[in-house]
Structure formats: structure tokens, C-alpha cells
Amino acid sequence: MIDVILNTIVSGILIGGFYAACAIGLSISFGMLRIPNIAHPGFIIAGGFLTYYFNKTFGLDPLLAGLLIIPIFFAFGFLLYRGYNRFFESKRDEREGQMSALVLFFGVLMIIEALLSVTFGVDFRTVTTPWSSIVLHFGSVGICLRMAVPFLCSVLMVCILYLYFSKTYLGLVIQAVAQDSMAATLIGSDPRFAKSIAFGISFSTAAYAGTLFVCLVPVEPSLGMQFLGRVFSIAILGGLGSPLGTAVAGLIVGITESLTTAYIGSSWTLAVSFILLLIIIAVKPTGLFRR
Amino acid sequence: MMKKVSFELIIPGIIVACIGLLIAKLVSGIYFFYVCYAILQMIALAAAWNILGGYTGYVNFGIGGFFAAGAYTSIVLLKYYEVNFLVAILAAGTVSGILGLLIGYLSIRVRGIYFSISTIAVSTILQMVVLNTPFLGGAKGFKIIRPPAFPPFSNYIEFLFLLILLISFFAVAVSRLIEKSWIGRSFLAIKDSEQAAETSGVATLKLKILATVVSCALMGIAGAPYPYFITLLEPYSAMGLTLGTYAFAAVFVGGRGCWFGPIIGAVLLGGLQQSVTVMISSEWNILVVGLVIIAFVLLAPNGVVGLLKGRKKPVLLKKKDRV
Amino acid sequence: MALLEMKKISKSFGFPALQNVDLSIDAGDRIGLIGPNGSGKTTLTNIITGLIACDDGQVIFENRDITKLSAHRRSRLGIARTFQIPQPFYSLIVRQNLYIPLRCRLKSEEAMFTEAGRLLDLVGLSDKADGLPSDLTQIEQRELELARALALSPRLLILDEVLAGLTSQEIDGALEILRVICESGVTVIMIEHIMKAVMGFCNKIVVLNSGMKIAEGMPEDIFRNPEVERAYLGE
Ligand SMILES: Nc1ncnc2c1ncn2[C@@H]1O[C@H](COP(=O)(O)OP(=O)(O)O)[C@@H](O)[C@H]1O
Ligand SMILES: [Mg+2]
């Protein structure tokens, strides 16, 4: 009995770490930059499919392939911000611009899904590596490397981002810009450049989260829509813009889902994050961990 | 007021019904009615969405959920309790309206993106509930056998066509009534600045709830005849995002905050959808709709209506005010 | 009898934005509310109009406790305001912007049309009545704010920095309009940084600093008050 609970919680933690990796990019784009990128999960899935493609075609290790696609996504995000700034941030009213952007990103999410379906088909795809099937036993708890490796990579990612935003100069500038664009101009940095970098980073995390995704479970184009609720509830719960808060929120959602699957039924798992989301929004939209 | 309602709703309603009957008599191809049904349903949903999204600026991504709530209410009542179709339609509207009330309370607490995301959440949770409730058909859904045709119709689809024609007329007429009244003006004020509206004496909370309830109830009503149209009602297709996305894309194509925008948008988009589906495939369909949404958001934020009127003019302009 | 009375108003945004502010305004007063940026003037306005709730204290308007009343009810009682950053209804033409408040007291569209025309005339926007607010200049948008506030036919009018950015001549013109408004029986609270305007217009001045009321009195006394000088000029 205890064993089952323990195993459930451990797998919840492992999944939760991965969820944090999925949500952290959104936490940056939506939390710091106020860009309502609901296409974020779509880009995660796209990253997953690209990793799959590199793995299948060139036999690259998926974790390595993921590193290769990061620059592509970074450049894409960097440039996309320029366009976003021109079209939406110069609007007279921030809210109006955000709402149009929201609808736009919804369109982008649809396009990604459709493009992936057209290119790769609607089947589930996954990658297998030599370590995929190894299971380590710690007493009665079994840990599968298929889950542990993505977890560790996610932890690494969160740590890097935490250090980046709290210790490096550019990271601090991005934080300052997030608070107040004018202030950043005063210290002599171009807010547009800082924001482009941050959006690029957000996309890079999406790419690598996708890589971890295909290592973890089979991936299919329409999963993007399902992940929407998860990434948003985690990002909001985590206080938007705080890497560590996102990590904790990811663990909360992961564990709750894991317990739900074990004790209520897997058909309700997807509802968990959405219910959590509604509760957070109704009770405390600023999240548990305010920056 | 009563006089206005009878002039705007009942008399034109009877005229529309007569035209519908005439079309049903004159046209004999079944395919024609299928296409018309799809487009009319899109008009109804788009007009309903427009009441909340177009006028008050609260973007609802959960159209599928409210639509399906109506469809499920009607099929449960019709199948298990064998009620009259009219009762089923009213019940569908009521159930979705009550769900709209829930969204309305959310709109008091949050707005903008938070609101939109919550609508996705509500709609997904509804889907989960249906999936897990055997009484509602679960994942397998309901198989529906259409009743035989009855005079004056030669096929049941003709009856459904007339029904959705009236429903979409009703949705458009309601949104037109709202737009032409002080309520529509207050909705627009809420969209532009809730604070300024409130300090100008607009009861924003009440009006937002009115908007969500009316909008969602109309979506439910639009869903009532759907089970008989589709004949297999299951949660994935009925509650997925696709159906709703077309509706709100139609509003963007046609023009937000304008009662005839949804009609223009739905006809254009419906036509495009039909040709793409016939010529290529449904994945391409989604791709095309996504591109259309993006193109309109970037290039013509006020849709076709905005393009026709010129960018600067407000969509809502009464002749009297123009002087 | 005081028209508006505020008793021990406190509001915190994580830091104390207002602390124990007492304020009593008689009908017919022309109050100048001054204080450095960030001292809580707009916050006080928001509390009077009901856009935000105070943590502590009481707001009494015409002998009625309105602390718990929603903003739109307060505006129907006759509390009107302008916004520091104009918030016109961009989707409506200028004239229709006034229809929103006018509907609180007028029922027919014809009456609203006439009244809106009169108000736009008063602030000097009649030739823009059929245009869109986005085509107005900053200053015209403030005039629209003023007209929209007046459309409520208010008992109390709070002006949040309406004169900012105006030339000296424009200020004189604006003050002329405000005097007409006052003479029609409207009590005015004017938030302003332009001392010349405050001195010329107000009969009483209230000074806020870091959320606290530090002085209150006749204009000439206020400017001899050493504490006010310190608040404005620093130590
Ligand atoms: N809604 C709010 N949330 C958090 N802080 C606020 C809010 N409104 C105002 N403040 C803060 O309260 C202080 C007083 O602001 P305000 O009343 O606008 O000052 P003033 O109008 O006198 O310049 C400022 O430091 C401002 O940043
Ligand atoms: Mg201020």
C-alpha cells in the first residue's frame, strides 16, 4: 500500500519536473514579457517532432538532437518578437493588442498542429535510446530512466534559467525590462533587444521540453491543445516569471495528476490541471509564488 | 419595447421561415442542405460568440463546450424522455445559459487572457465529464437514428435545415437588437474601459453576466438540433476546439462587434471550408483556417466589414448619430 | 453639512498608499488636492469613486455611508471624475461617449442627443462630435473626459490632472469653463500640479505626502506652511 503511494508520488515528481520544463518558457513569455503565447505547447510538440526526425534520420541521440534544434528555435523566437513588437506592442491600448495577439497565437497553434499532421501523420511517435528501458531500484521504489533522464534535464534547465535571470547582467536587464521598460532605457539598455533575447529563450525551452517529451512518451500533433491547460496552470500557479516557482508548481501538478491517475482513474487526469487552473484563477490569479 | 421585438423578431422570423420552406420545396439535392446546415450553424455560433467577444471584448475559446452542452441536453431529453423538439431547444439554451452564468462569474474576477484560458478549461472539463459519464454515452457517444420525414418535408434534413435557419436568424436578430440598443453601447464601453464605464454609471458586472448568459445560451440552442444532423454525437468532435474555432474565425473574418459580420464571415469561411475539404483534406482545412485567422488579425483587424467601411469608421454607427 | 466626508481612510498596496486620511468637503467647495507624484492622490480618487475599496475607513456622501457601494451606483448618486490618462470609449463616436453616462438620467435618444450637443459645446468639442476619440488630440481627449463626467450631472466632480500639458492661455480658458461649472452648483476636487491654477481657482487646499494628509487650509496659508515646502522641495 505504502509502496504504491510512494511509487505514485515518485513518478508524479518525475513527471512534474518535466511539466516545469514545459511551462517555464510560458512563464517567461507570458509572465515577464506579457506576450500571451498560447501556441507555446504547439512549439513544444514541434520540438518533439524535430527531435524525432533528427533521431530517425541521422541516428542522433535525442538529447543531443535537442541541443541542435535549440538555436533554430532561439532565432525564431528572437525574430518573432520583432514582429510582435511592431504589430501589437505599438497599439494604443495594451489590452487590445494582447487580445489580438491571443487570437493570433491561437491561429498559430492550429497551424502547427495541422502542419505536423500533414508532415508526420497523426500517429504517435517516440524515440528509443539505449537507456530508455533501464529501471533502477531503490528499495521498493523503481525509477525508470525513461522518466528520470527528462526529469534531470528539466531540473538542470530550471537551474540554468534561475541563475541566468538572477546572476547574469543580461538576465537582470530582462527582469528590469519586465518590470518597467522605461527604467531599463534609463540604465542604457535597449528594451527591445532584451525582450527579443527573452522570447528566444522562451522558445528554446519549448524546443528542449519537446525533446524531453518524445523521450518520455509517444507524441502526437494534437497533444498541444491538451498541454495548454497544463502549461498555463503551472505557469500561473508558479507566479509567472519565477523559475523556481514554476518548478514547485510543476511538481504540485505532476503529483496531483499522478495520484488522480492511480486512485480516481486516468480518464480524469487531464481535468486535474484545468480544475486547478480554474481554482487558481478564481482564488488567487497572482499565483502562489509572486516574484 | 414589445413593439420593437415583434418588428425585429417575429415578423422577419415568419418571413425567414417561409423562405426556408420555399427553399426546402424547391431544392431537392441532399448535399445542398448539408452544406447550408453547416454554414447556418456557423452563423448562429458566430453571432452568439460576437455578443460576448465582439461587443464586450471577452474572448471565449470554449464555444465547443457550450455548444455541446446544448447538443447533449437536447439528445438526452429527446432520447430518454421523448420530449417535444421545442422543449429540447429551450432546455438546451437553459443549460448552456447556466454554464454561461458560471463563466460570467469568472469574468468578474478575471479578464483578458485569464478569462480566455478559463473558458478553455471549462470546456475541457465538460468534455471530461461527458467522457466519464455512461449516461451521456461516454467516449462512444450516442448513435442517433433520424425520425422519418414528415410533411411538408420530403427528407428529415430539410426539417433540420429549417430549424437551424430559424435558430441562426434568432441569434443574429438578438445580437442586432442588442447592438442597436443602449445595452450594445454599454457593452462596447465595457470593452474599451471597464473603469470608465463603471464611473459613467454602467453596471458592468450585471451587463457582463447578461452578455455571457445570452451568448452561451444561444450557443446551446445552436447545438440542440446538432445530434440529428451529425447522427453520431461523441465528445471528441462535438466538444473539440475545431467547431468553435471556425465560429470565432468567422467573426474575425466578417468583423467583430457588428451584427452582420458573422454572416459574412461564416458564408466566406464556410464556402472555403467546403471547397478545401472536398478538394484536399481536413488537416489542410485546419491549416487554412489558422492562416485565415492570422491574416485577418494582422491585416484586417475589423474583418471584411472593416475593410468595406474603411479602417477609421466605427463599426457601430447609427444613422441618427451621423447627422 | 458636508457633502463628502472621508474618515480614517487607509489603503495598502503592499506598502501604505494612504494612511488615516480624513477629509471633509462642503457643497460648493473648490478643493485643490496637491502632493508630489505617487503621494496617493489618484488612489484617493479611486476610493471616493469606488473603483477600489479602501482597507479601512468610511466614505460618507450626503449623509449616506457609501463605503460599500459599487462605483456605478456612486456615479448615479452624482460622483463624477476624469481619468489622469484619458480613457475614452474608443469604439464609440465622441457624441456616443456621452450617451453612456447620459442614460443614467435621460431616457430618450432625442434628449440625449440635445444634451450631448450642449455639453460638447461647453467644452468646445462640438465640431468633433461625429469623429472617433482616437482622432482627438491629447488635450481634446481630456475635454471629452470632462464632458463625459459632466454628463452625469454630478454633485461632486473630481478632476485628475486635467490641466497638465496645457499652455498658460489654455489653462485660463479651461478655468473659465470650470468656474461656469462651479456656479451651476457642482463641488469640485481638482488634482493639479500647476500651482497658478490651484491658487487661482480653489478656496481650500489639501496636501498629501506619502499617503498622509500633511496640511489643509486656505491657499495662502498652505504656501506659508513649512511642512508643505519640505514635502515639495525635500529637506
Ligand atoms: N492598483 C495599484 N496597485 C499597486 N500599487 C498602486 C496601485 N495604484 C497606485 N499604486 C501605487 O500607489 C502609490 C500612489 O499612487 P497614486 O495614487 O497614483 O499617486 P498620485 O496620483 O498622487 O501620483 C504609487 O506608488 C503607485 O505606484
Ligand atoms: Mg495620479
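Let's start with chain B: a compact globule of 323 residues would have a radius of gyration near 20 Å, and chain B agrees because its value is 19 Å (taken over C-alpha atoms, with the globule rule being 2.2 Å times the number of residues to the power 0.38). This is a predicted model, in which local features need pLDDT of at least 70 and side-chain atom pairs count only at pLDDT 80 or more, while totals for chains, interfaces and linings use all residues. Residues are numbered from 1 along each chain as its sequence is written, chains are lettered from A and ligands numbered from 1 in the order in which they are written, and side-chain values use heavy atoms, leaving out hydrogens and water.

Along its principal axes, the C-alpha trace of chain B spans about 55 × 45 × 45 Å. Its secondary structure comes to 16 helices and two strands (DSSP runs numbered from the N terminus, with H or I of at least four residues for helices and E of at least two for strands).

Now turn to ligand 1. The residues around it, those with a heavy atom within 4 Å, include C:F13, C:F15 and the run C:P36, C:N37, C:G38, C:S39, C:G40, C:K41, C:T42 and C:T43. Look at the polar contacts (pairs of N or O atoms within 3.5 Å): an oxygen atom of ligand 1 is 2.6 Å from an N or O atom in the side chain of C:T42. A backbone N or O atom of C:K41 lies 2.8 Å from a ligand oxygen atom, and for a polar backbone atom of C:S39 the distance to an oxygen atom of ligand 1 is 3.2 Å.

Next, find the largest cavity, with a volume of about 150 Å³. A cavity is a set of points on a 1 Å grid over the protein atoms alone where a 1.4 Å probe fits but cannot get out, and lining residues have an atom within 4 Å of a point; grid points are joined across faces, edges and corners, and a volume is the space filled by probe spheres set on the points. Of its 14 lining residues, A:E96, A:M99, B:G57, B:K191 and B:R256 lie nearest the centre. Both α4 of chain A and α2 (30-56) of chain B give two or more residues to this lining, and α4(A) has the largest share, five residues.

Finally, the second largest cavity has a volume of about 40 Å³. Chains B and C supply its lining: B:T199, B:S200, C:R81, C:R148, C:A149 and C:L152.

Methods:
Polar contact = N/O pair within 3.5 Å; in protein donor to acceptor, adjacent residues only side chain to side chain. 1 Å grid on protein atoms, 1.4 Å probe; cavity = no way out; pocket = protein on both sides within 12 Å on 5 of 7 lines; lining within 4 Å.
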